[in-house]
Amino acid sequence: MISIRRIEQATPAEREGLMELLIDTVDSGASVGFLAPLAPQAAAEYWRDTLASLGPGKVLWVAEQEGRIIGSVQLAPSLRENSPHRAELQKLFVHSSARGQGLGSRLLGEVEQFARSRGITLLVLDTLAGSRAEAVYQHLQWQRVGEVPGWAKDNDGVLRPTVYFFKTLSP
């Protein structure tokens, strides 16, 4: 059985699980700001910084199966006075062994439920154009806004485009 929960402070075991998840995600081809092969030290630094930033401006959920972290997602609510109604979805990770089973959809459902409970009615995100992630967001009724060419390098050093999406939530 897979459980999803919010993390506010991570234990050493959770930090290790998050590092393993990030390494697997990057090394299996996801474009999440890193290039493969991802060094454990880089993964550790990323999670150290991310976990330190948790609070009003960043929320983290993990998906676990039999005590192992197999997915995560982050939400960055806007802290600006003129935009408390919006947030940015960030870093949806699903372990390569758990893909294609609806876990990404479940994680996004948790984010949307949390957002609604906080009065957030607009979510935005960006992802690699043409990726599996893009197809997931389209399937889940996210609206494609547009594409920015040459956004980030892939593992072959080729500059690839990113695509922006938004989703309006009913209150």
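**The aromatic pairs**

Modeller: Y164 is partly exposed, at 31% relative accessible area; partly exposed is the range between buried (under 20%) and exposed (over 50%), computed with a 1.4 Å probe on protein chains only. The model is predicted, with local features requiring pLDDT of at least 70 and side-chain atom pairs pLDDT 80 or more, whereas totals for chains, interfaces and linings use all residues. Residues are numbered from 1 along each chain as its sequence is written, and side-chain values use heavy atoms, without hydrogens or water.

The structure contains seven aromatic pairs, a pair being two rings of Phe, Tyr or Trp (its six-membered ring) with centres within 6.5 Å; planes under 30 degrees apart are stacked, over 60 edge-to-face, and the rest tilted. One of them joins F34 and Y46, which is edge-to-face because the planes stand at 90°, with the centres 5.6 Å apart. F34 sits in the loop between α1 (12–27) and α2 (40–52) and Y46 in helix α2, so this contact ties together parts twelve residues apart in sequence. Helices (H or I, at least four residues) and strands (E, at least two) are DSSP runs numbered from the N terminus. F34 is partly exposed at 23%, whereas Y46, at 14%, is buried.

W151 and Y164 form another edge-to-face pair, 6.1 Å between centres and 90° between planes. W151 belongs to strand β6 (residues 143–153) and Y164 to strand β7 (residues 159–168), so parts 13 residues apart in sequence are tied together. W151 is partly exposed, at 46%.

Finally, ring pairs link F34, Y46, W47 and F93 into a cluster.
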